[in-house]
Amino acid sequence: EHLCLPMAGWTGRHGGEIRHLPPVAHALAYFAEHHSDPYFMTDLLNLINEIFEAVSPGVSEAPARSDPMRPWRLLILKRAMIATRTLQPALMQPAFDNLVEYLPEDAGRFFEDGMEQLHSSDYPEPVRDLMARYYHAFGSTRVLH
């Protein structure tokens with residue numbers, strides 16, 4: 001399963017299309033959960049970006065919104081999480097924009113969780129600022145004054 005990430009990246013680099021996403025999403029989840037080094041995360045994000053671009057429209061447009069474990073959803077969420085761990089706002093912003101675009105129903109919770117994580121860890125100020133901007137724009141907790 002771990003080999004499917006480099007193979008999926010190779011497929012994308014050579015103009016191929018990824019039609020079977022589950023093993024890719026599972027391997028990505030594994031690496032995202034077992035590593036935290038910003039340099040590793042940057043390399044992993046670059047690979048994910050190649051994979052993201054190679055995913056078949058049939059997979060990315062699948063209507064299975066009711067399944068929280070659908071591979072496309074996991075790919076988008078893990079990509080945003082890994083982008084955050086790169087500690088580079090320039091890499092975070094495109095992943096956050098895609099999260100809002102493709103998974104608007106999950107974006108608010110992601111940014112709420114991100115704000116909680118930032119408070120409990122030592123993240124650079126530019127990372128905190130970007131997360132706060134997205135949290136205020138898309139967080140699911142709304143208050144009417």
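Author: Helices are DSSP runs of H or I with at least four residues, numbered from the N terminus. This model is predicted: local features need pLDDT of at least 70, side-chain atom pairs count only at pLDDT 80 or more, and totals for chains, interfaces and linings use all residues. Residues are numbered from 1 along each chain as its sequence is written, and side-chain values use heavy atoms, with hydrogens and water left out.

Reader: Where is T86 placed?

Author: T86 lies in the loop between α5 and α6.

Reader: Why is T86 called buried?

Author: Buried means under 20% relative accessible area (exposed is over 50%, partly exposed in between; 1.4 Å probe, protein chains only). T86 has 3%, so T86 is buried.

Reader: What makes the pair of T86 and Q88 a polar contact?

Author: The T86 side chain reaches the backbone nitrogen of Q88 at 3.2 Å. A polar contact is a pair of N or O atoms within 3.5 Å; within protein, one must be able to donate a hydrogen and the other to accept it, and residues adjacent in sequence count only if both atoms are side-chain atoms. The 3.2 Å falls within 3.5 Å, so the pair counts.

Reader: Which residues does T86 contact beyond four places in sequence?

Author: P38, M41, T42, L45 and L91. Contact means heavy atoms within 4.5 Å.

Reader: How do you know that the span of α6 is close to the expected one?

Author: Expected span is 1.5 Å times one less than the number of residues. Helix α6 (residues 89–102) has 14 residues and reaches 20 Å from first C-alpha to last, close to the expected 20 Å.

Methods: Helices (H or I, at least four residues) and strands (E, at least two) are DSSP runs, numbered from the N terminus.
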